[in-house]
Structures are given as C-alpha cells and as structure tokens.
Amino acid sequence: MKVKSIIFAVVLSAFSLTASAQGVVMKIGYTNVEYILSQMPEAKQVDSEFKAYEAQLQNQLQSKGTELQTKLQEYQQGAATMTDLVRADKEAELQSLNQRFEAFQREAQTSLQKKQGELYAPLFEKIGNAVKAVRTENGYDMIFSTGVPGVDILLDADEKYDVSDLVFKKMGITPPAKLN
C-alpha cells in the first residue's frame, strides 16, 4: 500500500510540474471521509442498527458455544463408563456440533461484513456525492482522502485545503467546531 502511495505522489508531482510549466493552476483539496461519517446524524442510527445485529449474532454464537461445552463436559464425565459404541456415537456428535459451531462462526463473520456494507453504503454514497458536488461547484481539480491509516493517498497538506466543512454544508450538516 505504501508503494502505491509513493507512486501516486511521484505521478502527482510530475503532473503538477507539467501543469505549472504550462501555466495551469490546479486547485486541490482534501477531506477525511471517516471524520465526516462520524459526524453524520444518520451514522448514529446505522451504528446502533449494526451493533444490535452484531449482538444478535453474538448471542446465537454464545448459545451454540454453551451447548457444545455442556455436551463436551457430559462426555468427559461419562466417557470412562461408556461402551465403545456409545463413546463413538458421542464423539461423532461432538465432532458434528463443533463443525457446526465453527461454520456458524464463519457465516456470522461474513454476515456481519455484508450487513456493515449494506448499512454504510448509502452513507458513503451520500458523502461521495457531496464531495463531487463540492469539487464541481468550487472549481477543485482534485479532492483527496486522508485520515485512514494505510489508505491515505495524501501524506501532508496545509489545512486551508481541507474541504470537509464544505462537504458538511453540502450535506446539510453544521460543521463541528474546529479544535485548536
């Protein structure tokens, strides 16, 4: 990921040098999409909905885990007195329960990721539309994203190029007060 950022910075520098050599002035801005998302009123509802879904899956997982643990303890307590046939049957049952538990864990994780995507996609689309409108209406040539470690494509910039407040206003949100 760092290599992509470095390559992008080199390409952007070359593009900027070419543009300035031709007398073209570029207007560039940046914003922090995660910060904007965190300030959106509807994000709190989405967070709440996601956490409720996560808790529901966690409760089901815990229930299945408890069932598996109980059956395992019963097996361990009675294994010495079981016939070979009963012991083999109990071991097969435990193995099956364990496989179902592990499968449910994987499916729950996949389901959580899918739900998160479904819930947050409209918010990211709203932010994206606002960024595009701000870029167009204010004559920016480019707006970069910052604030996501490992994904940043803007390594450093003067705060005067931060268009976050314009994006907030475009979405009808009062920009939060700046902390100095």
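The model is predicted. The protein chain has five helices and two strands. Read from the N terminus, its elements follow the order α-β-α-α-α-β-α. Of the chain's 180 residues, 26% count as buried. Among contacts between residues at least 6 apart in sequence, 76% join residues at least 24 apart.

**Helix α3**

- Helix α3 covers residues 41-78, which makes 38 residues.
- At 1.5 Å a residue, α3 should span 56 Å.
- The buried residues of α3 are A43, V46, F50, L57, L61, L68, Y75 and G78.
- These buried residues pack against two other helices, α2 (33-39) and α4 (84-137).

**Helix α4**

- Helix α4 has 54 residues. From its first C-alpha to its last it reaches 78 Å, close to the 80 Å expected at 1.5 Å a residue.
- The helix bends by about 40° at Y120. A proline, P122, follows within four residues.
- After α4 comes G139, whose phi is positive, near 75°.
- UniProt, in an unreviewed entry, places the feature "coiled-coil region" at residues 87-114.
- In the model, residues 87-114 are 100% helix and 0% strand. The end C-alpha atoms of this stretch are 40 Å apart.

**The aromatic pair**

- The structure holds one aromatic pair.
- Its members are Y35 and F168, with ring centres 5.7 Å apart and ring planes at 80°. An angle over 60 degrees counts as edge-to-face, so that is the class of this pair.
- Y35 lies in helix α2, and F168 lies in helix α5 (residues 164-170). The pair therefore ties together parts that are 133 residues apart in sequence.
- Are the two partners buried or exposed? Y35 is partly exposed, with a relative accessible area of 31%. F168 is buried, with a relative accessible area of 0%.

**Charges over rings**

- The charged end of K27 sits over the ring of Y140, 4.6 Å from the ring centre.
- K115 has its charged end over the ring of Y53, 5.2 Å from the centre of that ring.

**I36, a buried residue of α2**

- I36 is found in helix α2, the helix that also holds Y35.
- Its relative accessibility is 0%. Buried means under 20%, so I36 counts as buried.
- Which residues does I36 touch, not counting those up to four places away in sequence? They are T31, I127, S164, V167, F168 and M171.
- I36 and F124 are 88 residues apart in sequence. In space, they are 9.6 Å apart, C-alpha to C-alpha.

Conventions. Residues numbered from 1 in each chain as written. Predicted model: local features only at pLDDT ≥ 70, side-chain atom pairs only at ≥ 80, totals over all residues. Heavy atoms only, no water. Expected span 1.5 Å × (residues − 1). Buried < 20%, exposed > 50% of the residue type's maximum accessible area, 1.4 Å probe, protein only. Contact = heavy atoms within 4.5 Å. Phe/Tyr/Trp six-rings, centres within 6.5 Å; stacked < 30°, edge-to-face > 60°. Lys NZ or Arg CZ within 6 Å of the ring centre and 35° of its normal. UniProt positions renumbered as here; feature names shortened; annotations may be inferred. Bend = angle between axes of the 7 residues up to and from the residue.
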